[in-house]
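Reader: Hi! I have a protein model to look at for class. Could you walk me through it?

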Amino acid sequence: IALKDIRKHVKQSLFEMSKSGVEITDPCISSFNELKLKKKYRYISMVIQDKKRIIVEKAEEDRAVTWDQFIATVPPNEPRYYVFDFEYGGGKSKIVFMAWVPDSSPVSQRMIYSSSKIALASKLEGVVEFQANGKDDVEFSNVESRCQK
């Protein structure tokens with residue numbers, strides 16, 4: 001193995017780890033690609049497991065789920081990452097990446113989710129990215145405004 005190949009592998013491995021040291025697992029990326037390219041899912045929910053890795057918690061295949069129905073399932077006090085195929089304004093759609101980090105969640109969780117967000121977002125090409133800390137941040141009209149920019 002050439003030194004050049006070893007450096008490339010080390011650089012890629014470091015890139016796949018967030019600043020917090022949390023690993024982004026392959027199912028996160030493959031599920032995102034299936035949502036984006038094949039429209040297989042309406043949304044994907046991801047969590048940090050054991051402070052070590054980001055995993056897919058749920059990949060919702062029911063494309064009839066609305067934004068408001070989805071938001072009703074978001075836990076009020078627990079951080080998550082979500083990717084949602086957001087439809088708005090007469091047939092337009094954009095994929096949104098939302099870091100749900102509620103103010104009511106423990107400080108240690110807020111820190112790890114916030115510091116891991118950038119690494120995950122960098123793997124999700126073509127998304128509208130935002131962080132939400134409360135229910136006002138996830139109102140349909142607020143998300144629609146972000147998508148129209």
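Reader: Which residues in the largest nonpolar core touch the most other members?

Author: Those are M46, I54, Y81, V83, F97 and L120, in a core of 24 residues. A nonpolar core here is a set of buried Ala, Val, Leu, Ile, Met, Phe, Trp, Tyr and Cys residues joined through side-chain atoms within 4.5 Å. Buried means under 20% relative accessible area, with a 1.4 Å probe and protein chains only.

Reader: And which element gives that core its largest share?

Author: Helix α4 does, with five residues. Elements that each supply at least two residues include α2 (26-38), β2 (43-49) and β4 (80-88). Helices (H or I, at least four residues) and strands (E, at least two) are DSSP runs, numbered from the N terminus.

Reader: Before I go on, what sort of model is this?

Author: It's a predicted model, where local features need pLDDT of at least 70 and side-chain atom pairs count only at pLDDT 80 or more, while totals for chains, interfaces and linings use all residues. Residues are numbered from 1 along each chain as its sequence is written, and side-chain values use heavy atoms, with hydrogens and water left out.

Reader: Is β2 mostly covered or mostly open?

Author: Mostly covered, as six of its seven residues are buried. Seven bridges join β2 to strand β3 (residues 53-60), and the two run antiparallel. Two strands pair if DSSP finds at least two bridges between them.

Reader: Which residue stands opposite I48 there?

Author: I54 in β3. The two strands form a hairpin with three residues between them, and D50 in the turn has a positive phi of about 55°. β2 is also joined to β4 by four bridges, again antiparallel, with Y43 opposite F84 in β4.

Reader: What about β5 and β6, parallel or antiparallel?

Author: Parallel, over six bridges, with β5 at residues 92-100 and β6 at residues 127-132. M98 stands opposite F130 in β6.

Methods. Buried means under 20% relative accessible area, exposed over 50%, partly exposed in between (1.4 Å probe, protein chains only).
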